[in-house]
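Colleague: Please put the model up. I would like to go through it by question and answer.

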Amino acid sequence: MPFSLDKAADRYDVIVIGSGLGGLTTAKRLSYCGHKVLLLEFHHQLGGLATWFKRKGHIFDISLHGFPYGMVKTCKKYWTKEITQSIVQLKNIVFDNPQFSLKTTFDRVDFTALLNKKFKIPQTTIDHFFSTVAGMNFYDDQTMTTRELFEEFFPGRTDVHRLLMEPITYANGSTLDDPAITYGIVFSNFMNKGVFTFEGGTDKLIQMMTEDLEKNGVTICTNAKVDRIIVEKGKVRGVEVNGKVITAPAVVSNSGITNTIYDLAGRDVFSQEFLEKADAIRVNNSSCQVYIGLKKDAAIEDKGDLLFTSTAPIFDSSELLDMHTRSKTFSVYYPKTRPGHDRYAIVASMNSRFDDWDSLTPAAYETEKQALIERTLVDLNRYFPGVNDKIDWLEAATPKTFNRYTLHSRGTSFGTKFEGLAVSRSLFKEVSGLFHVGSVGIIMSGWLGAINYGVIVANDVDGYIRSV
Amino acid sequence: MTRDDIKDLILEIIKDIDEDADFTTLQSELPLRDQLDLDSMDFLDIVMELRKRHKLQIPEEDYPQLASLDSCVNYLEPMLKNA
């Protein structure tokens, strides 16, 4: 069990601020390397956005919607065999919109067949497209956008663009105008073998990770909000948390990159040149979610695990971000999600802009939230007719909710756009001993990206600690 | 360490990363990546293990030196001569 702060020592080899999947993984790797690690989390629960909440016998997962097969290798190498063994495939991915309706396993074999037979795309074009995106690297040329990539291979085919783009927009918040490499890397990861989930739910995963960290000697403190990172003469000295100073030669922030620079370290410790790059970072959009719990004895038919639905005539990145978007995904959690729990829950997710919700009066905010729930139920009834009578819990989250629980600038649920990656990677060149891990640059977002980035940053930190 | 010791060390680290790795047809002059299905994260693991086990600091710009078994041995030999 995580401790309260008064049990923490005065000095550690490294302090990790924040316990998202990136922070948890960095802590794990550094303890594995033999360092004395303190993990501080402001919330009472670990996991960051990899989180869940309980209501009236229901457990709702916030970000467990499906990750690529790469999680198997990653969890096996950096976490435990038990965690790896709980990863299972979600086989029924559904698309339903005015342009097409289909069911797929969302892998290269099935997509190739669909593109060829249903969308009548020549085999050579499909193969060329797949080999192009599979060959993309994050250090490649960024001038081509995803829109240009699609136009090159599938000119004028808005239906194909929608099939290829819609799921990735929900996975990492990227749009048609972001660099094509951010699309290609994430899309290829999924196309490898399809979509996977964690059997037992987010709560079980985070519990298993917590136990593994404790076994490795990591000190974990919850309800511990770091007030500031202490920097002296261009070097990290430690943190101030709930009025207490804890020192360490290295500090890893798993807070947002903008929060880390402006709120925790403060502008005055950075060079003008660095601040110009930091000021140019665009934080990604946030989300809205509606949580739907079904009564204890109620059941629904299996209509698919992940439903990408829309009544908008064509795919349009700005339509998906609109407050009244007609596009949303339904993640359906059947009893198989949490064996033994035996309840049905549905989480509807939409992309959303923080400013749209933040600018509302309190009364208008409540009205819009209620309207969001009602629109969601109308859409849900198309797939599960009569479901309203089976529901015993309904609740909505907005970008303001995401902001409250993660403290991320503007409630971003997908970190930052591409430029955030370079700033995150160069932080320790600016302030010795200060590192950042978290969702940056689109490709490092999502569960797999966050964990792998945690490993990359742990390598930097280990190298640094051993050199000082 | 002799050149053979270094070779064994690298193979041992790879075995820890992927217990199913098959070295029977491995050609030491060809890239490890193509023959063993290793990705960039696996190479990072090799770097981290070398630091953990032998206190070696391998700068990022030298990572390409770890491409094949032969290039690993050539690169690491002077660093590990007293190990």
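Colleague: How many residues of domain 1 of chain A are in contact with domain 3 of chain A?
Modeller: This is a predicted model, where local features need pLDDT of at least 70, side-chain atom pairs count only at pLDDT 80 or more, and totals for chains, interfaces and linings use all residues. Residues are numbered from 1 along each chain as its sequence is written, while chains are lettered from A and ligands numbered from 1 in the order in which they are written. Two residues are in contact if their C-beta atoms, placed from the backbone, lie within 7 Å. Domain 3 of chain A brings nine residues to this contact, and the number from domain 1 of chain A is seven.

Colleague: On that side of domain 1 of chain A, how many residues are charged?
Modeller: Asp, Glu, Lys and Arg count as charged, Ala, Val, Leu, Ile, Met, Phe, Trp, Tyr, Cys and Pro as nonpolar, and the others, Gly among them, as polar. Four residues here are nonpolar and two are polar, and the number of charged residues is one.

Colleague: How far apart are the centres of domain 1 and domain 3 of chain A?
Modeller: The bounds come from an automatic or database domain assignment. It gives chain A a domain 1 of 5–51 + 203–282 + 414–467 and a domain 3 of 108–184. Taken over C-alpha atoms, their centres are separated by 34 Å.

Colleague: Which residue in β8(A) is the bridge partner of Val94(A)?
Modeller: β7(A), residues 93–96, and β8(A) pair in the antiparallel sense over four bridges, and a hairpin of four residues joins them. Phe95(A) has Leu102(A) as its bridge partner, whereas the partner of Val94(A) is Lys103(A).

Colleague: What angle does helix α7(A) make with helix α8(A)?
Modeller: Axes are lines fitted to C-alpha atoms, for helices over the stretch in contact, and angles run from 0 to 180 degrees between N-to-C directions. Leu164(A), Ile168(A), Ala171(A) and Asn172(A) in α7(A) meet Tyr183(A), Val186(A) and Phe187(A) in α8(A). The two axes lie 10 Å apart, and the angle is about 95°.

Colleague: What is that arrangement of α7(A) and α8(A) called?
Modeller: Angles under 35 degrees count as roughly parallel, over 145 as roughly antiparallel, 65 to 115 as roughly perpendicular and the rest as oblique. The angle is about 95°, which makes α7(A) and α8(A) roughly perpendicular.

Colleague: In which hand does α2(A) pass α17(A)?
Modeller: Helices α2(A) and α17(A) pack at about 35°, with their axes 10 Å apart. A crossing is left-handed if the near helix is turned anticlockwise from the far one by less than a right angle, and right-handed if clockwise. The crossing of α2(A) with α17(A) is left-handed.

Colleague: Which element gives the most to the side of chain A that touches chain B?
Modeller: Ten residues of chain A are in contact with ten of chain B. Eight residues on the chain A side come from the element that gives the most, α17(A).

How values were computed: Pairing = 2+ DSSP bridges. Helix = DSSP H or I, 4+ residues; strand = E, 2+ residues; numbered from the N terminus.
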